[in-house]
Amino acid sequence: MTTTLADPVRLLSDTVDPARVTVLDAGLSTTLQDLGRPGFAHLGVTVSGAADRTSLTLANRLVGNADGATAFENTFGGLAITVSTDRYVAVTGATVDIHIDGRAPTEGRRTLLRAGQVLTLGRPVTGLRAYLAVEGGIETEKVFGSAATDCLSGLGPARVRTGSEFTLGSAIHIPPHNVPLELTPPRLPVGAVEVSFRWGPRETIFTARDRAALTATPWTVSADCDRVGARLTGPPLSIGSVDLPSEGMALGAIQIPPSGEPIVFLADHPVTGGYPVIGVVTERDVDLLAQAAPGTRIRFTPLRNEDH
C-alpha cells in the first residue's frame, strides 16, 4: 500500500499562507502547554508544562506531532476553535463531548477539521483537563525553550483568550490511522482513587500515628485547586512547631502546611518551600491527580507497601 507524507495541496497552501488556528471561545481556562522547561531549577524556574503529561503526549502522537509540541490545555471545557486550512486534531484527557459544527464527529477523539469548521469541547464528564492538539503544533514565542504557560511565575505566553490566533507548524505527517483509538483509553480518576507515593524526605518529623493517618485517610480534593497544587481536605495531621529552612520542592511533593491538610504539588509548583514534605507522588500518578475534580476521593499508597 502506498502512503504519502502529506497532501501536496495542503502543503502548498501552508507555504503561501501559513495555517492558523483561531480561538472562538477560550472557555473558563485555557493555556498553551508543552512538556515544559526542565533544567532551570537553579535559576528559580520550575519545569511547568502540561499538568497531565501523558494526555498531552498522546494527543500529539495521534496527529503526528512530536511528543512535546505545543497544544491547548483546557480546564472545565468550553473551548471552541477553527482553523484556516484542513488539519487533523485530537482531544485527550478529560472525557468531554466533542462537536464539529454542532455534530459529534464519527471518528471520535481524532478527526480531520476542515477549514472554517468549528470544533467545541463540552464540560468534562470525567476528569478535569482536556488536551487539544492540532496537526503541525502551535507556533509561538518560547521562554527557556518552552511555550508552556506557568501560572505561578508568569513565564511563557499569557492565558489563551477568546479571539486569540496562533500560527500552526507545517503539516508533514499522516496521522497513524492504523492505531485504533480504543487502544489508547484515557486514565482518569473514577470513584476512590489510589495514588502511589514514596516516603520522604521529611516523614520523620511526623509521628507514627500521623504517618499511618496519611495512608488510612480518604482525602477529598478541595475546590481550592489549580495548576500549582491539589489541596486535600480531611482530618488534619499534627506537625506541631516546625522550623525548617526552605528547600527544593519536586513535582508531586506532598507538603503538609500548618493546617495539617496535604497539598500535592502539580506542574506549576514553586521551586522551594518551607513546610515539611512527607512524601512524593509518582510522576505517573501526578497525571492522575491533575485530572481529579473537586470532590474526588484520594487514598495515598506507599510504593512496595513500605511500612512507616
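**Cavity, pockets and cores of the chain**

The lining of the largest cavity divides into eight nonpolar, no polar and two charged residues. Here Ala, Val, Leu, Ile, Met, Phe, Trp, Tyr, Cys and Pro count as nonpolar, Asp, Glu, Lys and Arg as charged, and the others, Gly among them, as polar. The model is predicted: local features need pLDDT of at least 70 and side-chain atom pairs count only at pLDDT 80 or more, while totals for chains, interfaces and linings use all residues. Residues are numbered from 1 along each chain as its sequence is written, and side-chain values use heavy atoms, with hydrogens and water left out.

The chain has four helices and 20 strands. These are DSSP runs numbered from the N terminus (helices H or I, at least four residues; strands E, at least two). Of the 308 residues, 50% count as buried. Buried means under 20% relative accessible area, exposed over 50%, and partly exposed in between (1.4 Å probe, protein chains only). Among contacts (heavy atoms within 4.5 Å) between residues at least 6 apart in sequence, 77% join residues at least 24 apart.

The largest nonpolar core has 25 residues. Such a core is a set of buried Ala, Val, Leu, Ile, Met, Phe, Trp, Tyr and Cys residues joined through side-chain atoms within 4.5 Å. Phe 72, Ile 81 and Leu 119 touch the most other members. Strands that give two or more residues to this core include S1 (20-26), S4 (79-83), S5 (87-95) and S9 (126-134).

One cavity of 30 Å³ or more was found in the whole structure. On a 1 Å grid over the protein atoms alone, a cavity is a set of points where a 1.4 Å probe fits but cannot get out; a pocket is an open set with protein on both sides within 12 Å along at least five of seven lines; lining residues have an atom within 4 Å of a point. Grid points are joined across faces, edges and corners, and a volume is the space filled by probe spheres set on the points. The largest cavity has a volume of about 40 Å³. Its lining includes Leu 128, Arg 129, Cys 225, Asp 226 and Leu 289. S9 and helix H4 (283-290) each give two or more residues to this lining.

The largest pocket has a volume of about 260 Å³. It is lined by 16 residues, and Thr 75, Arg 129, Cys 225, Asp 226 and Arg 227 are the closest to its centre. Strand S2 (29-33), strand S3 (71-75) and S9 each supply at least two lining residues. By class, this lining has eight nonpolar, three polar and five charged residues. The second largest pocket has a volume of about 170 Å³. Asp 52, Thr 54, Ser 55, Pro 186 and Arg 187 are the closest to its centre, out of 14 lining residues. The classes here are four nonpolar, five polar and five charged.

Thr 126 lies in strand S9. Thr 126 counts as partly exposed because its relative accessibility is 24%. Not counting residues up to four places away in sequence, Thr 126 touches Ala 94, Thr 95, Leu 188, Pro 189 and Val 190. Thr 126 and Gln 291 are 165 residues apart in sequence and 8.3 Å apart in space, C-alpha to C-alpha.
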